[in-house]
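Dear colleague,

Please find below the structure that I am handing over to you. My findings follow directly after it.

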Amino acid sequence: MTDTLLQLDSLSAGYGTVDVLQDISLTLGEGEFIAVVGPNGAGKSTLFKTISGIVTPSRGTMTLRGENLLQVPAPRRPHHGIAHVPEGRQVFPTLTILENLEMGAFVNRDRAAFAQNLEKVFSWFPVLKERASQLAGTLSGGEQQMLAIGRGLIGDPAILMLDEPSMGLSPAIADEIFNRLVQIHRTGYLTVMLVEQRVAEALHFADRAYVLEAGRIILSGNTADLKNNDRIRQAYLGM
Amino acid sequence: MTMMDTLKSLTGVKRDFLHIGLFAGVYLLLALFISNSYYQLIMTIVAVWAVMGLSWNLLSGYSGLISFGHAAFFGLGAYLVALCLSVWNLSPWFTIVLATLACGLSGLLVGLPTFRLRGHYFALAMLAYPLALLYIFEWVGYQEVALPMEREAPALYMQFDNPVWHTLLALVLLVLALGISSLVANNRFGMSLLAIKLDEDAAEAAGINTLYWKLAAITVSAAIAGAAGGFYAVVLLVVTPLAVFGMLVSAQALIFAMFGGVGTLWGPVLGAFILVPLSEILYARYAADFPGIQGVVYGVAIIAVILFAPQGILWKVRALLKPDQFRILGSTASVADFGAREELLVVPPEEDETPVLAVSGLAKAFGGLQATNDLNFSVRHGELLGIIGPNGAGKTTLFNLLNGFIRPDAGEIVFRGKHLHKQRPNQRCAAGMARTFQVPKPFTHLSVLDNVVIGAYVHTRSKEEASEHASAAIHLVGLHDECHLPAANLTNKQLRLMELARALASKPTLILVDEILAGLDPDAMQEMLAVLRKVRGLGITIIIIEHSMQAMVQLVDRFVVLDHGALLAEGSPDRIVRNPDVIEAYLGKNWLDNEARDGEDAGHD
Amino acid sequence: MDGLQYLENFLQSLVAGLLMGSMYGLMCVGLTIIFGVMRVINFAQGEFMMLGMYFTYFCFAWFGTWAFFDGVWFPFMLALLAGPAMFLLGVLIHRLLINAVTGRQASQLEAGGHYAQLVLTLGIALVLQNGGLFIFGSNPVSVSNELSYSAWEWGPMVGDRVSVFVNQAQTISAILALFVVIGFGQLMGRTRLGKSLRAAADNPDAATYMGINVDRAHRVAFGFGVAITAIGGGLLASNVSFQPYIGTEYVIIMYAGVVLGGLGSVRGAFLGGLTIGVLQQVSAIILPNQLQNTVIFVCFLIIILLRPQGFFGRRERIA
């Protein structure tokens with residue numbers, strides 16, 4: 001059995017008085033690749049924001065390797081190994097690719113480690129190496145996504161959280177990115193948590209999945225079992 | 001009822017006028033009792049600055065457009081009166097009125113270009129006007145204009161031996177300013193300004209002509225400031241550019257209202273009555289040793305207010321006394337319940353076959369992203385059309401195009417037979433197109449009833465008419481019990497119902513409903529669907545954007561499916577849900593492949 | 001006057017405009033940094049310039065007679081020192097006052113705290129201005145820099161008549177201003193700190209995900225903005241006479257330069273300030289003294305009304 005890395009228990013969180021997430025319990029083990037799926041508005045992004053610390057939960061607990069993560073303020077969470085690749089990529093448009101990557105390693109001042117990780121990221125995404133001094137705002141959607149992922153990886157994180165990486169990308173490019181991601185997951189023994197709207201893709205690449213609907217987890221399990229589950233289809237399509 | 005009961009039950013303008021009368025009486029007594037001419041002068045000056053504060057409050061306190069340049073109008077008024085007297089020997093009795101009108105006009109002229117600017121740019125521009133005037137007047141040679149003493153018939157020139165006359169005149173001015181403020185606040189003028197302040201986009205969509213009201217506000221505000229300036233010149237008998245155009249003047253106009261209470265009738269008066277005597281006394285006693293003490297006092301007052309009581313003393317006191325009551329603005333208690341007269345909102349069926357809305361070739365791009373791509377569809381009268389598609393498909397962009405918040409790059413929108421070109425959202429609302437927003441945009445500091453009444457302004461003349469329509473809308477959506485609650489206290493479901501009511505109150509032919517089911521639990525969702533069916537039953541056409549297919553399938557007549565800004569499929573719910581392109585767009589390509597593969601496997605067993 | 005005289009006047013004004021404009025440009029850079037990172041228009045920027053001027057003046061008055069500091073380089077060094085001194089003041093003011101109305105708390109305030117920031121800086125401006133009046137007195141003063149009275153002659157050129165006199169103090173000030181801008185550009189472009197400030201300006205949420213403390217970034221940016229403008233003031237102190245209200249006069253120059261260059265662009269702000277300087281000096285040939293500033297106002301209003309995004313800066317924010 002893999003060790004539990006991240007654990008959420010009965011977590012509720014939201015914005016202002018409205019709780020978007022209700023009573024969420026999930027676990028993430030070392031080296032796992034799990035997916036969180038669900039129709040829009042289900043609260044997937046809010047879940048990530050809660051783990052990153054942007055959103056403070058109203059109830060429940062969150063631990064990382066057994067330690068209470070809720071005590072750690074948002075800017076300190078990267079120090080604990082939480083890397084968040086946000087929805088819509090959110091690169092720094094007026095910084096170059098290299099500078100974006102440097103920001104990804106902001107919390108870690110170790111120059112030698114940075115140089116090593118930079119080489120790794122460049123090997124996974126060669127296009128980033130080619131354009132290292134180009135402004136991030138001028139890249140295509142797919143390149144920006146790769147940059148955002150690279151930025152998440154460069155700090156050698158314990159958990160990489162990806163929020164809808166395929167949004168706005170053509171299926172071909174999205175597939176390429178997913179394949180790259182799986183590669184990185186396997187070779188780097190990286191723990192990945194993926195939020196995706198496109199269910200089939202997510203279930204295809206991940207080991208386990210949680211299905212979110214209206215802020216609650218309605219299903220969970222191995223992806224092999226969940227494929228073609230009628231309940232999922234119902235959640236998305238209504239029949 | 002006893003007299004006290006009658007007095008207590010007065011609301012709105014009548015109550016304000018009563019208070020104004022009492023205040024004037026007290027002030028009058030004070031003025032007559034105090035014989036020290038220095039204190040008389042202070043009483044006069046205080047009143048003038050209170051008027052200035054009220055003038056600022058009228059524009060900025062109500063509308064939220066913070067003006068840093070009211071000194072421009074004050075100074076213009078002062079110079080006008082001073083110059084007319086010293087150069088042409090015109091009496092201030094006449095020229096103060098002239099100054100009022102001239103400054104009102106200047107307010108309009110300033111507003112026309114400046115209101116096109118948003119945020120910081122507006123503040124910077126307003127700051128520039130008085131400073132520019134300061135330099136111009138210095139250059140033209142009017143560094144110091146003294147009002148000549150009139151030996152014969154001084155009273156004709158507003159000069160008196162006894163300063164109490166000036167105090168009385170100042171009181172008259174103050175009473176007038178208070179009266180105007182009260183009238184504005186208690187009518188749709190004030191409510192429209194408040195709506196603009198609380199959420200300008202929502203106000204536009206609800207039919208409020210935001211530009212018109214802003215211009216009206218700055219015109220009245222500038223006029224009052226001009227009167228204050230003109231009278232100030234008469235009292236001080238000398239006008240210098242720095243004294244009337246300087247930053248301190250604009251700052252004072254601002255601070256009195258912000259200190260006393262933004263957006264209230266008495267706030268600016270309170271602020272002036274506390275701060276002016278304070279700074280005058282400090283100035284008199286310490287100015288020799290501490291030059292600049294006035295400025296420091298005002299600066300510290302501004303900082304203290306912003307840090308500790310950003311809305312001003314009156315609001316802070318109220319919050320302390322009634323900590324549970326949310327800060328609510330506007331006049332809610334005066335609107336009575338007019339019952340559930342749904343017939344007011346009914347849209348009669350159309351005889352001919354022309355669609356109520358027809359969209360052709362619609363396109364819009366943001367940077368490199370094509371948000372809307374050559375879109376064509378139409379909607380029949382009384383239809384309930386659902387627009388669906390995965391995230392990022394361009395649905396809200398479509399609504400913003402229809403509604404008038406953004407202009408298309410190409411294509412046509414024809415609504416009820418008319419092309420909508422440059423029509424702003426409030427004009428489209430007047431034409432019959434209403435809208436709700438994906439993230440609700442309530443006027444948070446107003447009651448539910450006021451929120452909806454504002455929606456009714458666009459098609460009604462009187463308060464009663466507006467209330468009737470609002471009442472009908474509120475009953476229809478089922479918010480009758482909550483109608484006096486502040487909007488900020490509502491749950492998600494109630495907020496969305498309120499937005500719908502606000503849209504209904506404008507007597508629309510078509511309502512654009514943007515993700516009204518988001519965040520609702522299954523019960524609330526059913527409730528909302530029932531309301532939507534009722535709305536549809538009135539003959540109103542509905543276009544609804546949603547993600548949740550589940551709910552939509554029960555509701556709509558027809559679907560239009562968007563993907564990447566273009567039309568993917570169109571048709572009845574049955575057909576759409578089984579359409580393979582649609583399934584692929586939502587669940588992903590692999591889903592169908594998996595299904596097919598599983599189907600084959602099953603078949604082989 | 002004949003053509004050559006006009007030419008000489010024009011060239012003289014042009015040179016003076018470029019030199020003074022460099023100092024204006026420096027001050028504009030300070031203002032634009034604050035806006036670019038924090039999205040705050042600081043109405044008190046002129047007052048920080050004034051403080052920089054008085055810092056230079058008083059240090060020069062107190063220490064200038066000491067043997068060690070007796071040299072033409074001293075006033076210039078003081079101007080540069082005004083930077084770190086004002087940086088500390090700026091950080092303090094931000095922590096105590098401005099922080100209260102920016103960031104997360106701001107969304108509770110009316111109109112999103114947007115106006116609260118503006119009004120707060122207005123209050124700070126009033127306090128500094130009038131406090132300065134009390135502390136420094138209202139007599140105009142200036143830093144008596146020997147080099148203010150010396151000039152290099154460039155020429156004679158055309159036909160043995162046209163000569164341009166280049167004021168030495170102004171020249172050195174301008175060169176120093178340029179160095180500071182370039183140095184700051186390097187700071188923003190190459191150091192970890194600078195990049196984190198730019199990242200915080202570009203995308204505060206993403207910056208937080210990276211572990212950048214956005215509130216702290218704002219504080220540092222405010223300190224830098226104030227410091228740089230103060231250095232500009234310190235350099236100007238050798239070239240103009242000033243009193244505590246001088247901030248108001250220069251505020252409009254700074255804003256005009258900043259909007260000309262596009263709010264948030266460092267390069268744009270410097271070029272904008274330079275342009276305003278040239279405009280001011282060249283217009284002195286044809287317009288009377290008092291109207292010079294009116295010209296700048298009119299330009300400012302025209303730019304704001306017609307092209308608020310400015311001319312020089314591109315869509316970039318801080319770089």
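Predicted model: local features only at pLDDT ≥ 70, side-chain atom pairs only at ≥ 80, totals over all residues.

Chain C contains 11 helices and two strands. Read from the N terminus, its elements follow the order α-α-α-α-β-β-α-α-α-α-α-α-α. Along the principal axes, the C-alpha atoms of chain C occupy a box of roughly 65 × 50 × 35 Å. Of the 319 residues in chain C, 58% are buried. When contacts in chain C between residues at least 6 apart in sequence are considered, 78% of them join residues at least 24 apart.

The largest nonpolar core comprises 382 residues. The members that touch the most others are Ala50(B), Val51(B), Ala228(B), Val452(B), Ala501(B) and Phe300(C). Helix H1 (residues 3-38) of chain C supplies the largest share of this core, with 16 residues. Domain 1 (11-246) and domain 2 (354-432 + 511-519 + 543-605) of chain B both contribute residues to this core, which therefore lies between them.

Finally, which residues are in contact with Val452(B), leaving aside its neighbours within four places in sequence? They are Ala470(B), Ala473(B), Ile474(B), Met498(B), Ala501(B), Arg502(B) and Ala505(B). Among these contacts, Ala501(B) is also one of the core members that touch the most others.

Kind regards

Note on methods
Residues numbered from 1 in each chain as written. Chains lettered and ligands numbered in written order. Helix = DSSP H or I, 4+ residues; strand = E, 2+ residues; numbered from the N terminus. Buried ≥ 20, exposed ≤ 12 C-beta atoms within 10 Å, placed from the backbone. Contact = placed C-beta atoms within 7 Å. Core = buried A, V, L, I, M, F, W, Y, C linked by C-beta atoms within 7 Å. Domains from an automatic or database assignment.
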